[in-house]
Amino acid sequence: MSFHYIKEKDFKAFLSALIKAKNVVGPVAKTSRQQTRFVFSRLENPDELRLDYDVTILPPKKEFFPAKQDIIRFDGATFNGCVEPAEKVLFGVHYYDVKALDMTDILFKERHEDRNYWAHREAATIVISNIQKVSPRAFWASIGAEVPPRGHDAWMTRIADGYVFETRTAKGEALLGCGKFSAASDAQVKAAAQANEKVGRQCPEQLKGTSAQIAKKVRAAFGREDLWKKFAQDCFSCGSCNTVCPTCYCFDVQDWWHVDQKSGARTRTWDSCLTEDFAKISLGAGATENFREERGERFRHRFMRKAAYLNEKLGGPACVGCGRCSAACTADIADPTAVINSIPEA
Ligand code: SF4
Ligand code: SF4
């Protein structure tokens, strides 16, 4: 691990060289109806990069685990896997999204390694950028603070007249060749640490309690069906809260045939546990069973997964406080701070 520095005036040239040398994906602005939001997209030129973004609509997990992905293609009796990794630099990721990727890394490795995910993941270089603007629903500073991000290759922090670039892997070091970097001074390293520490105090929302206290409280509320029913009374079961979440990883698998009825693909698509059919299974002969038929049951399940069930496996809660679910929910009932803070202590 080493600390480097690049002047503001040299940054654009660095990014231009990087874009020329590699496939670079970063946050870019998307404006519609006078509203500007941000998405991770391939950069064609350095001016597109918006490191002053607050949060992206979808998390960067889509680069490794796309919303729709072929896993097998078949033609008659022939079939082939579709592990097709593309090397890329994921540039300007906020640290909470790297924490979410760390969780996805664990989940896609346990028991049986998911090559469709891991091939993309291993082909990527991830550069964190410090959070320059805080989104209105963020609470990343008050959740899982005990779990630092691990899966990045470099961490870049904007200070007064340039950027401190902290490398933590050989892949991160390799990016230095594209720009005019010098060794960072102690004062610059300190300024970067202060910038990262200071921004946490600007989070507009806050979860009360430690991860362990929250896990205990949420789990203890499992039997409070009245409570979950009330929380979910305005839920449309649309699944948007799952779709935008960086730590959700459920998917559905279906086979699709071309018109020749011989060739096609086995495809996986993101799935959402808040939708009505998620836990519906066939019992054969047209009969079905739905394990979470009621909205309250589905709503509860999401919170149990995020705050309690996965904690042991992940070393902390399966929520990184990005606030995307709060912003995406039409009924404005998905906000983990509002729900968890209002669960009474057992
Ligand atoms: S909580 Fe909100 S976003 Fe989630 S399924 Fe219900 S209405 Fe949709
Ligand atoms: S549950 Fe909501 S706040 Fe937590 S990681 Fe998912 S989208 Fe972000």
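## Strands 4 and 5

Strand 4, which covers residues 68-75, pairs with strand 5 in the antiparallel sense, and four bridges join the two. One of the residue pairs is that of R73, whose bridge partner in strand 5 is N80. These descriptions refer to a predicted model.

As a general point, the strands of a sheet pair through backbone hydrogen bonds, in either a parallel or an antiparallel way.

Strand 12, made of residues 263-270, pairs with strand 4 in the antiparallel sense over seven bridges, and here I72 stands opposite R266 of strand 12. Strand 12 also pairs with strand 11, again antiparallel and over seven bridges, with R268 in strand 12 as the bridge partner of V253. Strands 11 and 12 form a hairpin with five residues between them, and in the turn Q261 has a positive phi of about 65 degrees.

## Surroundings of the two ligands

Around ligand 1 there are 14 residues, of which C235, C238, C241, L274 and C329 come nearest. By class, this shell has 10 nonpolar and four polar residues, but no charged ones.

Ligand 2 is surrounded by 13 residues, the closest being C245, C319, C322, R324 and C325. Its shell has eight nonpolar, three polar and two charged residues.

Methods: Residues are numbered from 1 along each chain as its sequence is written. Chains are lettered from A and ligands numbered from 1 in the order in which they are written. This is a predicted model: local features need pLDDT of at least 70, side-chain atom pairs count only at pLDDT 80 or more; totals for chains, interfaces and linings use all residues. A residue is near a molecule or strand if its C-beta atom, placed from the backbone, lies within 6 Å of it. Ala, Val, Leu, Ile, Met, Phe, Trp, Tyr, Cys and Pro count as nonpolar, Asp, Glu, Lys and Arg as charged, and the others, Gly among them, as polar. Two strands pair if DSSP finds at least two bridges between them.
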